[in-house]
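Trainee: I would like to learn how to read a model like this. Please take me through some features.

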Amino acid sequence: MTRIKTILFTLALALGALTAQAADRATMDQFIDNLMAKMTLQEKIGQLNLPVTGDIITGSTVSGDVVGKIKAGQVGGLFNMKGVQSIRALQEVAVKQSRLGIPLIFGMDVIHGYETVFPIPLALSMSWDMDGIRNSAHIAALEATADGICWTFSPMVDICREPRWGRMSEGNGEDPFLGSAICRAMIEGYQGADLADKATMMACVKHFALYGAPEAGRDYNTVDMSRVRMFNEYFPPYKAGVEAGAGSYMTSFNVIDYIPATGNRWLMTEVLRDRWGFDGFVVTDYTAISEMINHGMGDLQTVSALALKAGTDMDMVADGFLGTLEKSLNEGKVTMEDIDKACRRILEAKYKLGLFEDPYRYLDAKRAKKEIYTDEHRAAARQLATETFVLLQNKEGVLPLKRTGKIALVGPLANTRANMPGTWSVAAASDRYSTLLEAMRRAVGDKAEVMYAKGCNVCYDAELEKNSTMFGREMRDGRPVDVMRDEAVRIARECDVIVAAMGEPSEMSGESSSRSDLSILDAQKDLLEALKATGIPIVLLNFSGRATVMDWEVENIPTILNVWFGGSEAADAICDVVFGDVAPSGKLTVTMPRSVGQVPIYYNHLNTGRPNPQWFSKFTSNYLDVPNDPLFPFGYGLSYTTFQYGPLTLSSDAMTASGTINASVTVTNTGSVEGAEVVQLYIRDMVGSIARPVQELKGFERINLKPGESRNVTFAINAELLKFYNANLDYVCEPGDFEVMIGPDSRNVQRKTFTLR
Ligand code: BGC
């Protein structure tokens with residue numbers, strides 16, 4: 001009886017919630033109907049216009065006469081302005097000086113934190129810590145909304161197997177399962193339970209779609225991909241964004257099936273809205289509408305109509321909608337319904353953000369003073385950063401360092417403030433962040449001495465360095481090469497250990513920062529060789545926004561910690577790990593190649609008809625000059641402790657489509673310090689109606705274990721986990737045999753099989 005009562009009560013609650021939702025929806029619809037009834041055609045088109053203003057530069061075109069356009073009702077929102085005062089001034093123009101007083105929406109690229117900067121997204125993914133990632137987005141929203149921003153152009157969920165592409169740094173690596181989990185966590189963190197809450201902001205999932213797969217790794221380049229691959233391997237994180245309730249999507253620059261995403265109706269309407277059920281609004285990427293002219297799709301009027309017809313609602317910076325839609329309407333190239341639909345979606349977003357109720361909701365100068373870059377936020381960023389570093393090797397146990405004796409800190413990344421937060425940290429206040437040198441001196445106090453020499457520039461080519469250190473991140477040193485190198489070697493000889501802070505400066509990854517060579521840069525490699533010749537142990541800290549080719553380093557430098565770009569607190573976080581206050585626990589979410597010629601290289605590939613896991617053998621799938629396998633596989637990363645995996649057990653060796661099989665393993669910390677391990681579950685569908693990958697991540701759990709402690713980790717495998725898109729793009733699971741793999745990385749796994757009946 002009590003059970004029935006509980007069920008009835010729960011049903012009543014659910015019904016109540018649904019009724020309340022329907023009532024909310026009806027009130028919103030009514031409000032927007034009334035407003036739209038008063039709007040002229042020009043005012044409706046104005047809502048679809050998103051010019052850029054402010055000092056933050058994320059594209060080469062700037063918008064003209066923004067204030068005049070706001071007064072004329074020709075602006076729906078603005079982006080990349082920083083600070084409550086300047087944002088308030090423009091909101092006042094919209095509210096007080098435009099005819100209908102419709103508030104503007106203010107966006108920004110809040111990508112991995114605001115002034116408290118978290119590690120770059122690629123690094124965040126290496127933590128496999130969904131709570132930490134969710135919290136990073138929550139803190140970013142708190143700070144950004146305290147400073148006037150209510151809409152972020154994040155999360156960027158483009159799957160990327162292409163380390164030549166600089167924007168690998170902005171995504172979550174190569175795996176769709178992990179990428180989907182991160183997309184959900186980010187949206188939950190940004191949007192919370194209520195978009196109208198003053199401390200939450202609207203997310204924008206980008207770049208829809210496939211932007212992470214440009215030919216030759218060159219930014220903005222052509223993408224060409226089968227639909228089966230799109231649906232199975234690249235689309236899942238975008239789809240997860242709809243399921244998590246993301247308020248907006250951004251189009252990508254590239255073509256899909258030879259039609260630019262921004263004008264691609266199949267993508268923006270048939271997939272995003274009709275198939276997945278997205279009901280928010282779509283904004284273009286920066287000038288993506290006018291760029292369709294270069295793609296050969298027609299003049300500005302034609303491409304603007306194409307975009308609107310495709311299901312794109314808001315035009316970022318191109319002035320295509322503003323300049324041409326009225327003409328297209330008069331000529332019958334778009335309909336009033338097309339314009340109304342887009343306008344309504346944008347007004348709905350403003351309504352959900354609470355901007356009609358209070359246009360100054362996010363413009364509270366008192367909050368800006370109190371809630372940005374707080375000790376609490378910084379502590380969270382520091383802790384999460386420690387989880388992102390990946391210990392690639394520690395052959396002679398040089399790490400962790402003791403706080404004694406003399407430490408030589410060398411390398412171009414050792415004493416730079418502006419490069420610490422990493423690319424796409426447009427709101428960063430870099431002058432408040434520590435350099436590694438400062439943090440290291442603080443970390444050792446008077447127990448040890450830290451000596452410093454830069455040792456070399458980023459690379460010999462000054463032009464390459466200039467292009468890789470933009471936006472106030474310049475660091476070129478004018479001294480001759482041998483003077484700098486000799487100084488570093490001299491200092492190193494006086495010390496017990498060398499810490500080499502090397503790699504890419506922060507703008508060597510990110511937008512328009514593609515590389516054809518993925519090795520450690522020439523000047524730094526030469527310095528490393530000179531340091532190695534001293535015979536003093538070296539710890540290589542590799543800063544990077546992508547997978548690096550480190551074949552020589554792996555052979556020659558026994559200790560390598562990949563630190564990516566760890567955000568505003570990176571320097572302290574690196575010291576936490578280097579001195580062993582925290583054991584490293586990051587695991588690779590991109591495969592590390594041996595050579596750029598292996599790219600694209602990724603763990604969840606198909607088998608060939610002539611597979612060859614070894615090196616060369618004639619008439620099999622291999623290279624003459626390099627093995628097939630990577631330098632380090634997906635999922636890989638060491639700790640200061642060791643974890644032992646007990647036998648893998650399956651609760652059954654057969655299941656039906658409605659059943660579940662539990663796959664379990666007991667993991668024990670067999671070392672002497674506390675550490676975190678990411679236990680990974682992979683599955684292979686042995687036979688399918690289409691060729692299936694050799695393994696796919698299907699579960700993971702990050703666990704913390706004290707020395708000697710054991711934990712049982714169990715993954716429930718059900719039919720949902722076994723589904724894929726078949727040749728007709730139906731989402732199915734097919735009966736047959738499956739191989740289950742569990743281990744500490746994608747290569748080092750135990751295997752068991754079961755049958756789906
Ligand atoms: C980038 C987007 C970004 C936009 C606005 C573009 O160049 O591709 O990721 O959100 O600029 O700054």
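Mentor: We will take the ligand site, then helix packing, then the backbone.

Mentor: This is a predicted model: local features need pLDDT of at least 70, side-chain atom pairs count only at pLDDT 80 or more, and totals for chains, interfaces and linings use all residues. Residues are numbered from 1 along each chain as its sequence is written, and side-chain values use heavy atoms, with hydrogens and water left out.

Trainee: How many residues surround the ligand, and which are the closest?

Mentor: A residue counts as near if one of its heavy atoms lies within 4 Å of the molecule. Here 15 residues surround the ligand. The closest are Thr58, Asp109, Arg167, His207 and Asp285.

Trainee: How does that shell divide by residue type?

Mentor: Ala, Val, Leu, Ile, Met, Phe, Trp, Tyr, Cys and Pro count as nonpolar, Asp, Glu, Lys and Arg as charged, and the others, Gly among them, as polar. The shell has seven nonpolar, three polar and five charged residues.

Trainee: Which polar side-chain atoms lie by oxygen atoms of the ligand?

Mentor: A polar contact is a pair of N or O atoms within 3.5 Å. Asp285 places a polar side-chain atom 2.5 Å from a ligand oxygen. For Glu511 the distance is 2.9 Å. An N or O atom in the side chain of Lys206 is 2.8 Å from an oxygen atom of the ligand. The protein buries 99% of the 310 Å² that the ligand exposes when taken alone, by the Shrake-Rupley method with a 1.4 Å probe.

Trainee: At what angle do helices H16 and H22 pack?

Mentor: Helices are DSSP runs (H or I, at least four residues), and strands are too (E, at least two), numbered from the N terminus. Axes are lines fitted to C-alpha atoms over the stretch in contact, and angles run from 0 to 180 degrees between N-to-C directions. H16 (residues 375-388) and H22 (residues 570-578) pack at about 50°, axes 8 Å apart. H16 is therefore oblique to H22; under 35 degrees is roughly parallel, over 145 roughly antiparallel, 65 to 115 roughly perpendicular, and the rest oblique.

Trainee: What about the backbone?

Mentor: Most residues other than glycine have a negative phi, and most peptide bonds are trans. The bond from Ser154 to Pro155 is cis, with omega near 10°. Pro155 sits in the loop between strand S4 (151-152) and helix H7 (176-191). Val599 and Pro600 are also joined by a cis bond, omega about 0°. Val317, not a glycine, has a positive phi of about 70°.

Terms used: Polar contact = N/O pair within 3.5 Å; in protein donor to acceptor, adjacent residues only side chain to side chain.
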